[in-house]
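Subject: Structure for you to look at

Hello,

Here is the structure I promised to pass on. Have a look at it first, and then read on for what I found.

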Amino acid sequence: MEYRVVIPAAGQGKRMKAGKNKLLLELNNCPVIIHTLRVFDRDPACRGIYLAIHPGDRKTLQDLIRRFNIQKVVKLVDGGEERQHSVYNALLEIDEGIVLVHDGARPFIKQATIHHLTEEAESSGAAIAAVPVKDTIKKVKGGTVEETIERSSLWMVQTPQAFRLPLLKRAHSEAAENGFLGTDDASLAERIGIDVSVVESDYDNIKLTTPEDLYFAEAIVKKQEEMSGGNKYV
Ligand SMILES: Nc1ccn([C@@H]2O[C@H](COP(=O)(O)OP(=O)(O)OP(=O)(O)O)[C@@H](O)[C@H]2O)c(=O)n1
Ligand SMILES: C[C@](O)(CO)[C@H](O)COP(=O)(O)O
């Protein structure tokens with residue numbers, strides 16, 4: 001199932017405290033954003049990458065895309081103040097088909113998950129990657145436990161999130177009209193009554209958010225290289 005992908009990459013990485021966009025940090029001598037772009041660039045089903053960027057990173061990203069021979073970036077779009085604005089700006093450049101939204105900061109997404117999501121979005125309209133919560137989750141107020149939340153129905157939501165394009169455009173435009181800001185794209189669809197399917201992903205698909213995530217990322221890169229004899233994208 002062919003698709004196009006929006007990759008929001010316009011953040012500042014404040015929680016990473018790297019002093020620059022965390023997507024430019026290197027894992028195994030290759031910037032995080034290139035790891036992410038390569039997964040889609042090497043997927044025959046991907047018909048185009050729409051990258052939302054901070055204007056200050058444009059030249060750097062153009063150079064990296066050229067240096068690492070990434071072929072499928074159709075457009076570098078200026079991002080916005082929040083992730084949601086960045087995604088919407090890129091979305092407006094796409095006209096047809098199934099669209100995925102995938103964080104630039106999640107470099108370990110697997111092609112199998114992408115394909116499962118695109119098929120699910122084609123049949124149901126909207127599908128997200130997620131994994132079951134492993135820890136016990138409690139609601140805390142003022143330092144005291146209010147409630148232990150039943151865990152069996154709790155999932156940690158990731159990206160990619162896949163949609164039929166008109167549905168996601170409507171979800172974004174209605175959110176913008178109503179001043180609603182969500183932390184993911186599915187929440188914009190949920191609020192206008194759209195059912196969102198869940199596709200079970202894996203725990204390697206981490207988002208690089210805080211400094212300790214880099215230790216996990218190094219370990220995942222190493223594991224993937226060992227498993228694939230040096231080529232983690234096959
Ligand atoms: N205005 C923004 C904010 C975030 N992102 C992107 O959305 C993804 C997920 O966001 P997050 O991990 O929160 O990244 P940052 O916003 O960079 O991090 P922080 O919140 O710590 O500043 C990242 O690929 C990030 O580049 C974006 O395109 N535009
Ligand atoms: C979209 C997301 O990655 C799903 O887990 C997440 O919600 C992004 O949120 P953040 O606040 O930008 O980390």
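A word on terms before the findings: two residues are in contact when they have heavy atoms within 4.5 Å. Please also keep in mind that this is a predicted model.

With contact taken that way, consider the pairs in the protein that are at least 6 apart in sequence: 74% of these contacts join residues at least 24 apart.

As for the overall build, the protein has 7 helices and 11 strands. Its radius of gyration is 18 Å, close to the 17 Å that the globule rule gives for 234 residues, so the protein is as compact as a globular protein of that length. Along the principal axes, the C-alpha atoms fill a box of roughly 50 × 40 × 35 Å.

Now to the inside and the surface. Of the 234 residues, 49% are buried. The protein exposes about 11,800 Å², and 49% of that area is supplied by carbon and sulfur atoms. On the charge side, there are 31 positive and 34 negative side chains, with the centres of the two sets 4 Å apart.

Strand S8 (residues 137–141) and strand S9 (residues 144–149) run antiparallel and are joined by 5 bridges. Ile-137 stands opposite Ile-149 in S9. Between the two strands of this hairpin there are 2 residues, and Gly-142 takes a positive phi near 55°.

Best wishes

Methods
Residues are numbered from 1 along each chain as its sequence is written. Chains are lettered from A and ligands numbered from 1 in the order in which they are written. This is a predicted model: local features need pLDDT of at least 70, side-chain atom pairs count only at pLDDT 80 or more; totals for chains, interfaces and linings use all residues. Side-chain values use heavy atoms; hydrogens and water are left out. Helices (H or I, at least four residues) and strands (E, at least two) are DSSP runs, numbered from the N terminus. The radius of gyration is taken over C-alpha atoms; the globule rule is 2.2 Å times the number of residues to the power 0.38. Buried means under 20% relative accessible area, exposed over 50%, partly exposed in between (1.4 Å probe, protein chains only). Accessible areas come from the Shrake-Rupley method with a 1.4 Å probe; for residues, only the protein chains shown count as cover. Lys and Arg count as positive and Asp and Glu as negative; His and the chain ends are not counted. The place of a charge is taken as NZ of Lys, CZ of Arg, CG of Asp or CD of Glu. Two strands pair if DSSP finds at least two bridges between them.
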